[in-house]
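Work through these exercises on how two parts of one protein chain meet. Try each task before you read its solution.

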Amino acid sequence: MSEIILKNVCKTYENKNTVIENLNLTIQDGSFTVLVGPSGCGKSTTLRMIAGLEDISSGELLIDGQRMNEVDPVHRDIAMVFQNYALYPTMSVRGNIEFGLINAKVPKAERDRLIEEIAQMVGLSEHLNKKPSQLSGGQRQRVALARAMVKKPKVFLMDEPLSNLDAKLRNKMRSDLIELHHKLKATFVYVTHDQVEALSMATDIVLMNKGVIMQHDKPSIIYNQPKNIFTAQFIGTPEMNIIPQEDFKGQIEVTEGVAFIGFRPSKVKMYDPNTTKSHITFKGQVLTKEMLGSEIIYRLATPMGVVSMKAFSDIDLALDDELDVMVERKNLHYFDENKEAMEG
Ligand code: ADP
């Protein structure tokens, strides 16, 4: 059991900068919870308060039902993995992993057994005698992970651990982390500004903005049922098209109070005159074209402003081409004037 609860948590730094205001969050035992949001929204501060590296100004932090506010970081049964690895450069990989175990007075034979086991798990068995400088970025990150894992904590906290890796390695490490989480069955709390990373790894996403939780849900719910325009546009690339209701010029009838209508670029299709599905339709002219491989992103000039369309690459249009497009009504999202989601 390692459920983490933040109750009415506030954080004000010494410079009177209030970064977190009344945060209420329950991180479920065994979840892979990703805190995501724009830079400066308070993700790291939240993580550091859980770790005990930052004081909580007011409110309460509970781990497994126990108040942790005053508990020293080393007694929280937590391991933290940072972006910059924080390895000891003069020690070997083995030495780096062993360090915490020696401090914890684990006997030699048990240390050796644990190091072998963990090194195997993260694919470092061949490299135990090397120095960090002899390793690639991905291998160093594995050492940092191994060092955290060897203490068998109940909770892993990770602050942008993959951001120093190149794109290919990052993808590999993402699937490794998913696998690791599955094997360890521990609670992972992971901070990133990258929504793709959040969607791909999380069992639970906490989307933050300006110190406030905008939505806390499973990835598929966050993506398919965003609770507000901020979430709708932060998650998914390119971002959801959001059009003021009046710009539809009476083309569709909506419930009173609908101020904005949204639809994902992938839901914009070439108009099919034989369609029997309820839909909206409009004209577009190609402004830009961005080839992604299997898909192409077009930006279209339309009577409602610029609209993004994500099409499979067999739909091959040229700049300035004119076309009719449609969006099925079931793919529309509706928002009120406060930018909160509502029924259409
Ligand atoms: P994120 O991780 O989402 O990028 P942070 O939690 O690092 O955001 O920072 C949130 C806000 O708190 C930022 O405005 C940042 O400038 C401020 N902040 C972070 N650390 C300190 C500090 N030690 N003193 C004062 N302000 C800080």
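**Exercise 1.** How much area is buried between domain 1 and domain 2, and what percentage of it do carbon and sulfur atoms give?

*Solution.* Start with the model. It is predicted: local features need pLDDT of at least 70, side-chain atom pairs count only at pLDDT 80 or more, and totals for chains, interfaces and linings use all residues. Residues are numbered from 1 along each chain as its sequence is written, and side-chain values use heavy atoms, without hydrogens and water.

Next, find the parts. Domain 1 covers 4-233 and domain 2 covers 238-342; such bounds come from an automatic or database domain assignment.

Now the area. About 890 Å² is buried between the two domains, and carbon and sulfur atoms give 55% of it. Buried area is the accessible area (1.4 Å probe) that two parts lose on being put together, summed over both.

Who contributes on the side of domain 1? Y223, I229 and Q233 supply 58% of the area that domain 1 buries against domain 2, more than any other three residues.

**Exercise 2.** Count the residues in contact across the boundary between domain 1 and domain 2.

*Solution.* Contact means heavy atoms within 4.5 Å. By that rule, eight residues of domain 1 touch 11 residues of domain 2.

**Exercise 3.** How many salt bridges are there between domain 1 and domain 2?

*Solution.* Look for a side-chain nitrogen of Lys or Arg within 4 Å of a carboxyl oxygen of Asp or Glu. The count between domain 1 and domain 2 is zero.
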